[in-house]
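Colleague: I am new to this structure. Can you walk me through the side-chain packing?

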Amino acid sequence: MCSLLLAAAAVAAPRTPLRLVGRGLVAAMSTAKPLKSVDYEVFGKVQGVCFRMYTEDEARKIGVVGWVKNTSKGTVMGQVQGPEEKVNSMKSWLSKVGSPSSRIDRTDFSNEKTISKLEYSNFSVRY
């Protein structure tokens with residue numbers, strides 16, 4: 001009898017959004033709008049100017065996941081994943097801002113696609 005009353009109360013209770021406390025970025029994004037993934041390569045003076053560190057900091061501020069690394073060609077490459085508007089903010093930063101001492105000549109984006117779930121749990125620097 002008690003379980004029947006609890007079930008009736010649950011149906012009648014107003015629905016309020018659940019707060020995601022301590023569950024991290026991935027949990028927060030799992031209920032958001034469709035997710036995007038994009039690969040990038042940044043050309044210019046982007047090595048030896050803390051570009052990877054600033055990229056990691058900016059990605060965490062914006063709320064995207066993925067990675068960044070230096071290449072043997074003197075570029076920086078990586079991948080960004082998250083809600084479309086946040087990925088677009090990161091794309092803009094990678095194209096126009098970068099680290100304070102960097103000079104971005106161009107940024108190429110490729111493999112942009114909609115994804116059903118994030119492949120990473122945070123944003124990291126790869127070596």
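Modeller: We will take the cores, then the rings. Keep in mind that this is a predicted model.

Colleague: Which residues touch the most other members of the largest nonpolar core?

Modeller: Start with the general idea. Nonpolar side chains tend to be buried together in soluble globular proteins. Here the largest nonpolar core has 19 residues. Tyr-40, Val-42, Phe-51, Val-64, Val-80, Met-90 and Leu-94 touch the most other members.

Colleague: Which elements give two or more residues to this core?

Modeller: Strands S1 (35–45), S3 (76–83) and S5 (123–125) do, along with helices H3 (51–62) and H4 (84–96). H4 gives the most, with four residues.

Colleague: What is Val-80 in contact with, leaving aside its neighbours within four places in sequence?

Modeller: Among its contacts are Tyr-40, Val-64, Met-90 and Leu-94. Val-80 also meets Lys-36, Val-87 and Phe-123, among others. There is a second, separate core as well, of six residues, including Leu-35, Val-65, Trp-67 and Ile-115.

Colleague: Now the rings. How many aromatic pairs does the structure hold?

Modeller: One. Phe-51 and Trp-93 form a tilted pair, 5.9 Å centre to centre, with 45 degrees between the planes. Phe-51 is in helix H3 and Trp-93 in helix H4, so the pair ties together parts 42 residues apart in sequence.

Colleague: Are Phe-51 and Trp-93 buried or exposed?

Modeller: Both are buried.

Colleague: Which ring does the charged end of Arg-106 sit over?

Modeller: The ring of Phe-43, 3.8 Å from its centre.

How values were computed
Residues numbered from 1 in each chain as written. Predicted model: local features only at pLDDT ≥ 70, side-chain atom pairs only at ≥ 80, totals over all residues. Heavy atoms only, no water. Core = buried A, V, L, I, M, F, W, Y, C linked by side-chain atoms within 4.5 Å. Buried < 20%, exposed > 50% of the residue type's maximum accessible area, 1.4 Å probe, protein only. Contact = heavy atoms within 4.5 Å. Phe/Tyr/Trp six-rings, centres within 6.5 Å; stacked < 30°, edge-to-face > 60°. Lys NZ or Arg CZ within 6 Å of the ring centre and 35° of its normal.
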